[in-house]
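The following questions and answers concern the side chains of one protein model. Please consult the sequence and structure as you read.

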Amino acid sequence: MARRRVSPADREHFRRYLERSGVVDSLTTLFVSLYEQQEKPAQALEYVKERLGAMTLTAPHTQALQQEANDLRQRCECLEEENKDLKAKLQQYEPDAPEDDEPEAPEDGAAAN
């Protein structure tokens, strides 16, 4: 792969872009943490990938996901309770209906293969 010659002005512009966007600070923090490890990981690249992935989730994003998970758990509990109530009502009107998701037996007596 041929390398393209880049002017010093373009390099400086790119360096400022990386600093403004926080890339330089994130990489510096990452490399410092790797340097300070008592036992260096066998796969340094995997360590870097893991740490960069962990940096992408911000606290507000994590909190929003946790809140959504809690809301969904509560909704699931409500729906399970509603399902239980509806099954009880169904039993009042159809006492011969199977309970708790039990499969109905075939009425013609044919055995399932």
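Q: Which helix gives the most to the nonpolar patch?
A: The model is predicted, so local features need pLDDT of at least 70 and side-chain atom pairs count only at pLDDT 80 or more, while totals for chains, interfaces and linings use all residues. Residues are numbered from 1 along each chain as its sequence is written, and side-chain values use heavy atoms, without hydrogens and water. Helices are DSSP runs (H or I, at least four residues), numbered from the N terminus. With three residues, the most to the patch comes from helix H2 (residues 23-35).

Q: How are the ring planes of Phe 14 and Tyr 17 arranged: stacked, edge-to-face or tilted?
A: Rings of Phe, Tyr and Trp (its six-membered ring) pair if their centres lie within 6.5 Å; planes under 30 degrees apart count as stacked, over 60 as edge-to-face and the rest as tilted. By this rule there is one aromatic pair. The centres of the Phe 14 and Tyr 17 rings are 5.9 Å apart and their planes are at 35°, so the pair is tilted.

Q: About how many helical turns separate Phe 14 and Tyr 17?
A: Phe 14 has a relative accessible area of 47%, and Tyr 17 one of 43%. Both residues belong to helix H1 (residues 8-20). Because they are three residues apart there, the separation is about one helical turn.

Terms used:
Helix = DSSP H or I, 4+ residues; strand = E, 2+ residues; numbered from the N terminus. Buried < 20%, exposed > 50% of the residue type's maximum accessible area, 1.4 Å probe, protein only.
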